[in-house]
Amino acid sequence: MELPAPLRQAIDAMLHGIPASEIARAATVLSERYRAEVRDGRLHMNADLAVTAYLATRMPATFAAVRASLNAAAAAMPDFAPKTMLDVGCGPGTVLWAAASVWPELETATLLDASEPARRAGRALSDNLRQVTTTWIAGDATLDLRGQTSHELVTCAYVLDEVAPASLEGLVDSLWALTGEMLVIVEPGTPAGWRRVLDARERLIGIGAHVAAPCPHQAPCPLAAPDWCHFARRVARSRIHRIAKGADVPWEDEKFIYLAATRNVPADREARVLAPPRHGSGKVQLKICQPDGTAVERLLTKRDGASFKEARRADWGDRFAG
């Protein structure tokens, strides 16, 4: 799932002339902060070079994860076509580009972030996205949402991992209060990211939200540690990405977990594939989360007819009607 061509070209122009060694050093620092989930009062993207490193090494993977999450949300609510959007913790606008590619009806977007370098880069990039009128706001996700108006779509991607645990419940409440129809939260696909999404899910269900994706039910998550729910997208690495990461492999797998919560009941409740399908001669084994709130392993063979054919086409994260 590649970046849209106008975005990719704009990023290439921003990176032009910056020594790869500088991007590599900044990318190492940024990656270490993300992996360690550092909360020391400093923004991860606190300088222009940190934003440059994000554009080169993190934006493609983050875009792929967010786009996959929004695609799943759109499939669960096919009549949802938002014209207004609020992205909290927007960085340089990754979610904006993903949302615009999923919902071409999108007209206006309000984007809030505490990092001035990230907002400046995002504003420059969004000049290439002519379908959406953007408003960029300086603000902290946990402090500065008061006064914002309701938007049909509210998003918060790769933000909860930067928020102090004591502030998460209040942030989720604030996000939902601003949601006209759909709230989408995306987090790293780690056990800790899954736990944060589970806590947000429980809170949202408690205040009246409906889970549209990935869960096909409102029941407690059937998975238990050391297992956890997450998905993945494979992303091609650009030349500068490989140099910055010191990587020989031309791709990387971005693991993520997401939650789409809505004010209206989803159109349907189909099972979700929770792991890469295992294929054998004349058979497919799927791990699925079911509408009744259980997670099971299903072995499908040619005798299962249409269900077997669907299973052969299914991928990790897909819905499964079987």
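1. Basis. The model is predicted: local features need pLDDT of at least 70, side-chain atom pairs count only at pLDDT 80 or more, and totals for chains, interfaces and linings use all residues. Residues are numbered from 1 along each chain as its sequence is written, and side-chain values use heavy atoms, with hydrogens and water left out.

2. Salt bridges overall. The structure holds 13 salt bridges. The term covers a side-chain nitrogen of Lys or Arg within 4 Å of a carboxyl oxygen of Asp or Glu. One network of these bridges links Asp48, Glu116 and Arg120.

3. Arg203 and Glu169. These side chains form a salt bridge, with N to O at 3.5 Å. Arg203 sits in helix α8 (residues 191-206) and Glu169 in helix α7 (residues 165-177), so the pair ties together parts that are 34 residues apart in sequence. Helices (H or I, at least four residues) and strands (E, at least two) are DSSP runs, numbered from the N terminus. Arg203 is partly exposed at 29% relative accessibility. Glu169 is partly exposed too, at 47%. Buried means under 20% relative accessible area, exposed over 50%, and partly exposed in between (1.4 Å probe, protein chains only).

4. Asp227 and Lys287. Here the closest N and O atoms of the salt bridge are 2.5 Å apart. The pair links distant parts of the chain, 60 residues apart. Asp227 is in the loop between β6 (210-213) and β7 (231-236), while Lys287 is in strand β11 (residues 283-289). Is Lys287 buried or exposed? Lys287 is buried, with a relative accessible area of 17%. Asp227 is partly exposed, at 28%.

5. Asp253 and Arg234. A salt bridge joins these side chains at 2.8 Å, N to O. Two strands are involved: Asp253 belongs to β8 (residues 251-262) and Arg234 to β7. The two residues are 19 apart in the chain. Asp253 is partly exposed at 38% relative accessible area. Arg234 is partly exposed as well, at 48%.

6. Helix α1. Which residues of α1 (residues 5-15) are buried? They are Leu7, Ala10, Ile11 and Leu15. Viewed down the axis of α1, the buried residues fall within an arc of 135°, so they line one face of the helix. That arc is taken from the directions from the helix axis to the C-beta atoms. On the other side of α1, Gln9 and Ala13 are exposed. Gly17 follows α1, and its phi is positive, near 90°.
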